[in-house]
Amino acid sequence: MSDIVMEPKSHHHHRPHLDAKTKAIINADAKLANPLRGIPYETLMNDVEVFAQERGLSSILPVLKKGALVAQNPDAYKHHDMFTDEDRKFLEEEVTHKWRQTGTLYYLVVMSSLAAAVQGMDEAVINGAQLFYPEQFGMDVSTTRGSWLLGLINSAPYLCCATVSCWLTHPLNQWLGRKKTIFLTCMISFLTCIWSAVTNSWWHLFISRFFLGFGIGPKSATVPVYSAECAPAAIRGALVMMWQMWTAFGIGFGDLIDLVFYFIPDSGGIKGLNWRLMLASAGIPGLIVCMQVLFAPESPRWLIGKGRYEDAYNELCRLRFSPVQAARDLYYIHILLEAENEMKKGRNRVVEMFTIPRNRNAAIASWIVMFGQQFCGVNVIAYYSSNIFAQSGFSNTSALAATLGFGALNWLFALPAVFTIDTFGRRNLLLFTFPCMAACLLITGFSFWNPFEKGRVAGVSIGIYLFAIFYSPGEGPVPFTYSAEAFPLYIRDIGMSFATATTWFWNFVLSITWPSLVLAFKAQGAFGWYAAWCIVLWFLILLFVRETKGKTLEELDQVFSVPARVHAAYGLRQIPYGIKKFILFQNPIPEELYQPESESEESSQVGDDAAKKEARQSAVVAQP
């Protein structure tokens with residue numbers, strides 16, 4: 001049970017008394033939020049001189065001093081005469097025109113978006129191919145054996161991700177760097193897509209798709225990290241969201257490719273040319289990314305971690321408009337890495353993720369939203385919608401066209417998530433959308449009982465399309481964003497490894513079991529199964545997932561320090577509150593779960609809010 005003792009308070013207010021371990025985490029987070037806070041001017045300047053001498057950067061010492069001042073206080077340029085008018089102009093425009101960035105940075109954004117689309121296409125093209133290859137390989141999907149084989153082939157990349165490839169991300173990044181890791185994984189995606197297109201047996205196709213997982217897993221963790229490490233803090237969070245958005249675009253584009261190649265006839269003695277082209281086409285964008293990444297900058301943070309400070313400064317100069325901005329980011333990354341390394345000494349971070357209540361509560365919440373991203377049933381539709389539509393009465397062509405509609409809606413309704421996730425909050429979005437997704441799945445499943453084909457087709461289409469509309473702004477973007485900010489900074493990478501492995505494992509479970517589930521329980525029971533999970537997940541979110549929107553690092557530590565039993569009781573009390581407010585249209589008084597400890601107890605432990613926000617924005621999907 002939790003080590004936190006609750007002070008007797010009213011029914012509506014709780015003030016957690018933090019145990020020593022949790023207070024140590026708050027101190028660590030405060031240090032990592034802004035390691036330069038409170039350092040006197042003369043000391044800071046002396047530290048910069050030592051830093052420049054040790055790292056061979058004496059030639060840019062004047063710029064480094066200005067950069068260190070701005071790293072310590074973003075408004076320092078307003079108070080020191082050493083800053084030129086040009087320096088002030090660029091530093092002010094970072095705030096007033098945050099999307100005015102260098103061409104190199106936008107080149108990186110385009111490359112990262114295309115890499116995300118590669119991810120989506122890798123996942124989507126099998127949807128159309130499975131209409132053809134089972135028959136060619138002698139797989140009778142109406143039998144138990146055939147249905148399991150279909151699930152095994154479709155789920156092969158995610159089996160690789162969960163068991164092997166995700167865990168290779170950290171060593172690959174350490175040995176090769178971000179750029180070379182992206183190059184390698186995209187090349188693997190390209191080669192394995194071509195490989196899968198020339199297979200002539202189910203086991204050969206399984207092996208090729210299993211090796212595709214070596215391209216999918218590390219790339220899914222590396223590209224968001226790379227983007228965040230190169231981007232300014234002001235747009236870092238938006239770039240993290242773009243990974244999800246453009247992955248959805250890739251899924252839709254993959255569905256379009258399936259429809260286009262459906263009509264390709266066999267030629268030159270090649271049997272099944274259409275599905276082979278579908279699988280091979282997913283590799284082309286990966287090849288394009290391989291060529292793009294050759295001209296992209298390396299991650300400055302990775303270069304600094306390897307002691308290559310001059311190279312890091314040169315890359316930052318490519319990514320920023322002014323040398324002052326580059327020097328600021330260089331010095332701040334250096335100080336932050338030193339602070340992180342210091343915090344990690346003498347700690348068993350894996351053990352502390354589960355033994356310290358604050359960390360354990362974050363891990364449970366992260367696991368729930370990551371598990372929910374799969375067991376809400378979305379990838380049943382993403383991977384098997386062509387079969388689902390065909391079974392409802394569509395022709396194969398119409399089934400692929402209907403699948404394209406799902407992919408398009410999935411992407412279009414992911415666009416508003418950039419705004420809704422910070423407007424309505426993570427927890428509120430999930431609590432609203434999960435019952436809606438459950439209803440949509442029930443509509444889809446129950447429509448199979450309709451004896452009239454037109455009514456059955458209409459019901460299945462409406463259910464699936466409405467599901468996409470509710471999924472895309474909620475459970476689509478929330479899990480990775482939530483998991484990235486829930487963990488304290490010193491175990492962020494471990495926590496995100498845990499979260500990423502969770503989602504890939506359950507992705508594999510869902511995709512391998514769906515064909516057999518449909519065979520055993522028919523479409524009605526299979527969709528009902530995932531509708532039931534949506535309701536179960538709604539209660540799990542209500543009881544154990546805490547709101548993180550707009551919270552500083554100190555506030556997040558206190559939110560996750562509230563004991564699980566106390567938060568669960570609070571969640572149950574929200575049910576009558578919700579009924580009164582949203583059904584009876586009354587105006588009940590909302591309950592505040594906790595009150596933060598007094599500033600006199602905590603003020604010495606926390607950095608300024610701007611630095612905390614920047615640190616939290618940088619908490620992106622970390623490599624396992």
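Tutor: Start with a term. A helix here is a DSSP run of H or I with at least four residues, and helices are numbered from the N terminus. Keep in mind that this is a predicted model.

Is methionine 278 buried or exposed? Buried means under 20% relative accessible area. Methionine 278 has 0% relative accessibility, so it counts as buried.

What does methionine 278 touch, leaving out residues up to four places away in sequence? The list is Val125, Gly128, Ala129, Phe132, Asp258, Phe261 and Tyr262. Val125, Gly128 and Ala129 fall within α5 (103-129). Asp258 and Phe261 fall within α10 (233-261).

Take the contacts with a separation of 6 or more: 80% of them join residues 24 or more positions apart. The chain has 28 helices and two strands. Of its 624 residues, 59% count as buried.

The largest cavity has a volume of about 450 Å³. Its lining counts 29 residues, and Glu123, Gln244, Thr247, Gln373 and Tyr471 lie nearest the centre. Helices that each supply at least two lining residues include α5, α10, α17 (357-375) and α24. The most come from α10, which gives seven. By class, the lining has 15 nonpolar, 13 polar and one charged residues.

Both α5 and α10 return at the second largest cavity, where α9 (202-230) joins them; each supplies at least two lining residues. This cavity has a volume of about 90 Å³. Among the residues that line it are Ser112, Ser113, Pro224, Met242, Trp243 and Trp246. Eight of the lining residues are nonpolar, three are polar and none is charged.

Next, an open space for contrast. The second largest pocket holds about 760 Å³. It is lined by 26 residues, and Gln574, Ile575, Tyr577, Gly578 and Phe582 are the closest to its centre. Two or more lining residues come from each of α21 (426-446), α24 (492-544) and α26 (564-583). The largest share is that of α26, with twelve residues.

Last, one more buried residue. Arginine 178 lies in helix α8, residues 169-197. Its relative accessibility is 5%, so it too counts as buried. The side chain of arginine 178 makes a polar contact of 2.9 Å with the side chain of asparagine 173. Asparagine 173 also falls within α8.

Definitions and conventions. Residues numbered from 1 in each chain as written. Predicted model: local features only at pLDDT ≥ 70, side-chain atom pairs only at ≥ 80, totals over all residues. Heavy atoms only, no water. Buried < 20%, exposed > 50% of the residue type's maximum accessible area, 1.4 Å probe, protein only. Polar contact = N/O pair within 3.5 Å; in protein donor to acceptor, adjacent residues only side chain to side chain. 1 Å grid on protein atoms, 1.4 Å probe; cavity = no way out; pocket = protein on both sides within 12 Å on 5 of 7 lines; lining within 4 Å. Points joined across faces, edges and corners; volume = space filled by probe spheres on them. Contact = heavy atoms within 4.5 Å. Nonpolar A, V, L, I, M, F, W, Y, C, P; charged D, E, K, R; others polar.
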